[in-house]
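The sequence and model come next.

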Amino acid sequence: MIEARHLRVLRAVATTGSFSAAARELGCTQPAVSQQMKVLEASVGTTLLIRTSRAMRLTQAGEVLVRHATGILSGLTAAEEEVAAIAGLRAGRVRLVSFPSGSSTLVPAALAALRTAHPGTRVSLVDAEPPRSVEMLRDGDCDVALAFRYGSTGGAGEWDDLVVRPLLTDRLVGLLPEKHRLAGAAAVSIADLADESWIAGCPRCRHQLVEACAKAGFTPRIDFATDDYPAVIGLVGAGLGVAFLPELAMESVLPKAARTVTVDPAVRREIVALTLPDLARVPAVAATLDQLERAASR
């Protein structure tokens, strides 16, 4: 195997014309240069230098290797500099995937802070709900996944192979038409909504809705299903049904003709940032996780 240090020695010998001059340029001894040249010739299986009493010259194989060594060593230098920039957060990229309410609330503040602290780091963003977002992380299609789960969704080991950064616990609220008989109530029991038409969200949220209603003793009649929160609010505002929405979703949407109410018993979801163990050691990924945690604590 050809090593970079051997190529540097070969190039120095070719440039200076002797082992002693190459040793002075490299800051080592002449025997060290001679030994490394012997190792390199053994590695490639042929003679690279012809030594005479008057001069030293490259063989044809030596000329070929020196020609390639220039490009190889230049590429290694560029790679070392680029890696050092990434390690020092002067450069780098992070591919982030998030569910919509996270994208509109937690992500903007986190990325703005990241850009201020590390302007050389670039972050791309794609929307996806869990479990799809988690699949994308495991498949290598993103570096950080903002995800959520309810207590009843996913097994205890759902994320055991991932690095989990807890961000916050998000409570669900009831959303009713402003003229609904319970719109002015301080709190509403889920059972009080048994006869209503329901508007459900993403599959994971829909599963939670059905489970919460089952515990209250009824099966919800779901007439509409959409993971677009403004659409949910519009449908509720038009009097077409009631819904559960995360408080986080309400932060970025102004309800029109709809009112939020506290739901009893409380329904909550756990919001986390996920990454792979190896990615967690990448400085730009670690910085992104830190900023997401700070954004969630505000």
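Is Asp278 buried or exposed? Asp278 is exposed, at a relative accessible area of 56%.

## Model and overall count

The model is predicted. It contains 16 salt bridges; some of them are described below.

## The Arg281–Asp278 pair

Asp278 is the salt-bridge partner of Arg281, with 2.5 Å between the closest N and O atoms. Arg281 is exposed, its relative accessible area being 62%. Asp278, as stated above, is exposed too.

## The Glu41–Arg51 pair

A salt bridge joins the side chains of Glu41 and Arg51, at 3.8 Å from N to O. Glu41 belongs to helix α3 (residues 30–44) and Arg51 to strand β1 (residues 49–51), so the bridge ties together parts that are ten residues apart in sequence.

Glu41 has 15% relative accessibility and therefore counts as buried, the limit for that class being under 20%. Arg51 is partly exposed, with 43% relative accessible area.

## The Glu178–Arg259 pair

Glu178 and Arg259 form a salt bridge in which the closest N and O atoms are 3.1 Å apart. Glu178 sits in the loop between β6 (163–177) and β7 (187–189), while Arg259 is in strand β11 (residues 258–264), so this pair ties together parts that are 81 residues apart in sequence.

Glu178 is partly exposed at 37% relative accessibility. Arg259 is partly exposed as well, at 38%.

## A linked network

Salt bridges also connect Arg149, Glu158, Arg204 and Glu270 into a network.

Terms used:
Residues numbered from 1 in each chain as written. Predicted model: local features only at pLDDT ≥ 70, side-chain atom pairs only at ≥ 80, totals over all residues. Heavy atoms only, no water. Salt bridge = Lys/Arg side-chain N within 4 Å of Asp/Glu carboxyl O. Helix = DSSP H or I, 4+ residues; strand = E, 2+ residues; numbered from the N terminus. Buried < 20%, exposed > 50% of the residue type's maximum accessible area, 1.4 Å probe, protein only.
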